[in-house]
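Please open the model in a viewer and keep the selection panel at hand.

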Amino acid sequence: MALDVVAVFKVKNNEDVETVVETINQLIAITTEQDHGCIKYTLRQKIDDPTYLTVLEIWESEQALNDHSQTAHVVAAIPKIIPYLEEGYPIITTLVEPKPAL
């Protein structure tokens, strides 16, 4: 069962946005090249407030996501990003299939 991760971040200061974006984009490049089970991994930025960033991920399985979370590149990236964040939270979801009509 595929899992989606939606992680929303608020960067404290406008001048720090580029640092956070570069770090996340480096993480995305490594992840999409190396991590098994990564279907999609993208970074989005709010149009009217560039301090809001959203990472969208799709993983083949919970195991693939768990394995990714323990890789050296994720472990190294997190402490580089956290000092610049005012807030951040991930939401892990899965597709809810519509029930057939009776």
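The stops below begin with the overall fold and end at one helix.

This is a predicted model, in which local features need pLDDT of at least 70 and side-chain atom pairs count only at pLDDT 80 or more, while totals for chains, interfaces and linings use all residues. Residues are numbered from 1 along each chain as its sequence is written, and side-chain values use heavy atoms, with hydrogens and water left out.

**The whole chain.** Helices (H or I, at least four residues) and strands (E, at least two) are DSSP runs, numbered from the N terminus. The C-alpha trace spans about 55 × 30 × 20 Å along its principal axes. Of the 102 residues, 35% count as buried; buried means under 20% relative accessible area, exposed over 50%, and partly exposed in between (1.4 Å probe, protein chains only).

**The core.** Next, select Phe9, Ile24, Tyr41, Leu43, Leu53, Val55 and Trp59, which touch the most other members of the largest nonpolar core, a set of 23 residues. Such a core consists of buried Ala, Val, Leu, Ile, Met, Phe, Trp, Tyr and Cys residues joined through side-chain atoms within 4.5 Å. Two or more residues each come from strand E1 (3-11), H1, strand E2 (38-45), strand E3 (52-59), H2 and H3. H1 gives the largest share, 6 residues.

**Val55.** Centre the view on Val55. Which residues is Val55 in contact with, leaving aside its neighbours within four places in sequence? They are Val5, Val6, Ala7, Phe9, Ile24, Tyr41, Thr42 and Leu43, where contact means heavy atoms within 4.5 Å.

**Val21.** Move to Val21 in helix H1. Val21 counts as buried because its relative accessibility is 14%. Beyond its neighbours within four places in sequence, Val21 is in contact with Leu43, Gln45 and Leu53.

**Helix H3.** Finally, select residues 72-81, where His73, Val74, Ala77 and Ile81 are the buried residues of H3. These four lie on the same side of H3 because they cover an arc of only 90 degrees around the axis, taken from the directions from the helix axis to the C-beta atoms. Turn to the other side, and Ala72, Val75 and Pro79 are exposed. The cover over the buried residues of H3 includes helix H1 (17-34), helix H2 (62-69) and strand E4 (85-93).
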